[in-house]
Amino acid sequence: MSIRLFILLTSAIVGLIFVGGSWFAVTSGFEDTLTRHARTQAAENARLTQAALYEVMNTGWNPEQAGAFAAALRASNPDQTIRIYGATPASGASRSPDAMVQAALSTGRPQEQSTNNVLRSVFPLKAEARCLSCHAQVQEGQVLGAIEVRAPLAQVMSEALWAFFFSAMPSLLLGAGIASGAVWWVSRRIGRSVDSVEAQVNAISTVADLKQLSSPRAHQGFEEIERIQHALGTLAMRLRSIAVDKDILLFEIGLLEKFVITSDVIRDWREYVTQLLRDINAMIEVHVLFSVFQIDDETFDVEVFWHGQPSDRLLARVGAQISEAVQTHPRLSGPAEVTLRHHHDSTRPLADDVDTTNLALKVKSLFVEQPKIGGIVGIGVHTETLTDQTHMLVLESILSTLLNVVGSIKAIHKYTRDLEYYATRDPLTSLYNQRVFWELLGYEIGRSQRHSVPFTLLLLDLDNFKLINDHYGHASGDRFLQQFSSSVGAALRPGDIFARYGGDEFVMVLPEADMEQGYTVAQRVLDVARKVSIDVPTGDKVHASVSIGVAVYPDHAADAKDLFLFADTMMYRAKAEGKERVRLPTNADVMAVFRDLSEMGVAVLAAVEEKRITPYFQPIMGVGNKRVTAVEVLSRIEINGEVIRADQFIEIAEKVGVIHRLDAIVIEAALAKVKETDYDGYLFFNLSPRALVLSEFTTTLRNIVAASGFPPERIVFEITERDTVKNLALMQRFLSELRSEGFKLAIDDFGSGFSSFHYLRNFTFDFLKIEGDFVANMLNNDRDQVFVRSITALARELDIEVIAEFVESEAIFALLEEIGIEYAQGYLIGRPSAEAPGNRLPARAA
């Protein structure tokens, strides 16, 4: 019910009660007054009748006289009826007395009764002294009769009330009109006050609008409504301190949903932040956003993002204050070199009058506690609209998240660049690595075929390099390799490809060079190598010579692998002939090499057919608990009494198309051996990508493992990069089937090629093996250590456990423990052995 209706109904009810009460009071008053008047008049008429009756009785009394007397009484009092009763019938009474009259006659006291709006009064007639003369037998005071007076009240009352009603009607109408006007005026005042408060409440659509309700400007005229308004204002103030604007919340949620790191974001992260700044300004006015990156102890890069195009003057002012804020921040290293890079999201001019006086106070400096070299150390913002607490909290939340996102993007961007560099480069010499060499060699073969020009491949191997490592240490050996690669690289022609194949082996691809040109370059390299030397801690100068094998495409081979094997054979023949020389192939060499390759292919086929593949087991140790918790299964073939390593026959097995059978034989043999022990750790098996895409291989694996009884969840399949898988859909299906069966997956030699990242992006792995060359050189090469740390951080973000290969010293093992790598594998942990593993494998001494 509305207040207006309530006031109207209340006023109407009060008016009705008032009128009804007044009518009742007037009626009662009239009735009482008329009753008293009728009673007085009745008594007076009775007295007059009694006096007149004495006079009549003095002249004699007969019935005719009595009747005439009664008629005269009725005529003289038309409003009242007067009757006379005698004490005895002979007294001349007009009629027989009823009970009321009998009571008056017998008691001698007046009687009165009001019935049906008729007032009936009975007065006794008592004998006086003058009556004794006629009534000798009567004594004075004796009741002689009674006089009855009847006065009708209803008609008189009705007439009086109607007369009063008509006389009071104007006053009643005037009073009703005044009352109605007063009610309308009061209800209108209240309605306007309520409407005003209601309008203020209805105007609230955001948390910011609560400010209007909390500070009303108009007075409502009613203390109670002003108290309500004050209470609403107090409530609004409290709500502003605890409420979150829905639009702000939706804005924050929508913005945070965009904080997703993708490859596009990593590649174009500056454009990503610029777009975020546009989105922020859709709700909160932010002029400039900047991020601070620490390059080294005293160098910082600041990326400044503007919402609009600042003037040169504004650019200088803000840039100077940001630089000062960075240089004077207590968490940083004091005065530093600050490089600012400015970006703007539009060409909209940014006014020169932007307040920058208190910029340092308005910088939200979310500096990390311990900034990392090369990482983000803080992020800041300049805005003039942070008076609203909710906006401030939202912006702080956005900045906190943006700090992590931009930091991660920048770190991943940096790590990706490093990874891309090291994926193509040898970390020690910065030459192309083995994987890139194979890619470039394949490219050069294609180019040679298109243009019908030959090219030459040189394979270099340092003579007696092992003696340098053994006598002077690996650090000296690494320095020699660096000096050798630098000197030899300078002697090559522009466009020649120089790569480190591994260890002390190097390869060169000489485009558009026949055997004669290739021999000329090889002799020049031989001369340069003789002059390479380094100083060692003992004061000696260390030298080393080189043996070079030569092969020409297409004269000596039709594909990349055969060409490499041909050059490799020539290099070993150079060593066999006395080292420090260039070995050019002869026709007899060509026939012998192909004969050897054919013999190796036949031997591999025979070993596969006869299942003469022997599994070797190399332990993998948990870095934290220093216990052997896994082993890697390696393949070995015995040919003519000599045990051949996998790297010597895998390529041939792939080439002749039996790699999938070889993998299956190794897995079956290894599971049969561990079945005889109580081994309960992980078993790592290498699988060729070529085998993975064969549809029947999954069924073969499933049957082998099921027959062995070894739990699938303790079998880990390593995906190697011996060959590129072109049909990723098939490989995806195969790996998904393996995971559905409970098997685990590992990516091997991570960082040795582009495919590592491609696999990591497209497939889900449980383990990641870091390329051993990076691990082996961590103590001597800061870049290698950064690379290992970067891979470990990346794997941790992807919830992948890391295994470091080539762990050959206690110092390397201790560094792995510091970095947080989970597992170690290498000669320090144990060499490959044909003995089946078991729980008897001991833990290393701490």
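**View 1. Five strands line up in an open sheet, in the order β10-β11-β9-β14-β15, with mixed pairing.** β10 (497-502) and β15 (582-583) stand at the edges with a single partner strand each, so one side of each has no neighbour in the sheet. Strands here are DSSP runs of E with at least two residues, helices are runs of H or I with at least four, and both are numbered from the N terminus. Two strands count as paired if DSSP finds at least two bridges between them. Strands of a sheet pair through backbone hydrogen bonds, either parallel or antiparallel. Look at strand β9 (residues 455-462) and strand β14 (residues 546-553): they run antiparallel and are joined by eight bridges. Leu458 has Val550 of β14 as its bridge partner. Helix α12 (residues 434-451) packs on this sheet and touches β9, β10, β11 (505-510) and β14, its direction making about 135° with that of β10.

A quick note before you go on: this is a predicted model, where local features need pLDDT of at least 70 and side-chain atom pairs count only at pLDDT 80 or more, while totals for chains, interfaces and linings use all residues. Residues are numbered from 1 along each chain as its sequence is written, and side-chain values use heavy atoms, with hydrogens and water left out.

**View 2. Helix α12 meets helix α16 (residues 560-576), with axes that come within 10 Å and cross at roughly 110°.** That makes α12 roughly perpendicular to α16, a label used for angles of 65 to 115 degrees (under 35 is roughly parallel, over 145 roughly antiparallel, and the rest oblique). The axes are lines fitted to C-alpha atoms over the stretch in contact, and angles run from 0 to 180 degrees between N-to-C directions. On the α12 side you'll find Phe437, Trp438, Leu441 and Ile445, and on the α16 side Ala560, Lys561, Leu563 and Phe564. Contact means heavy atoms within 4.5 Å. Sorted by class, the residues are seven nonpolar, no polar and one charged. For this sorting, Ala, Val, Leu, Ile, Met, Phe, Trp, Tyr, Cys and Pro are nonpolar, Asp, Glu, Lys and Arg are charged, and the others, Gly among them, are polar.

**View 3. Ser448 is a residue of helix α12, and Ser452 is found in the loop between α12 and β9.** Ser448 is buried, with a relative accessible area of 4%, whereas Ser452 counts as exposed at 66%. (Buried means under 20% relative accessible area, exposed over 50%, and partly exposed in between, using a 1.4 Å probe and protein chains only.) Setting aside neighbours within four places in sequence, Ser448 is in contact with Val453, Pro454, Phe455 and Tyr553.

View 4. Most residues other than glycine have a negative phi, and most peptide bonds are trans. Glu512 isn't a glycine either, yet has a positive phi of about 50°. You'll find Glu512 in the loop between β11 and α15 (515-531), where it counts as partly exposed at 47% relative accessibility.

**View 5. Strand β6 (residues 299-306) is largely enclosed by the rest of the structure, because eight of its eight residues are buried.** Thr299, Asp301, Glu303 and Phe305 point one way, while Phe300, Val302, Val304 and Trp306 point the other way. β6 runs parallel to strand β7 (residues 337-344), with eight bridges joining them. Asp301 has Thr339 of β7 as its bridge partner.

**View 6. In the largest nonpolar core, with 83 residues, Leu671 and Phe717 touch the most other members.** A nonpolar core is a set of buried Ala, Val, Leu, Ile, Met, Phe, Trp, Tyr and Cys residues joined through side-chain atoms within 4.5 Å. Leu671 touches Leu683, Phe685, Ile704, Val705, Ser708, Phe710 and Ile715, leaving out residues up to four places away in sequence. Strand β19 (residues 682-687) has five of its six residues buried.
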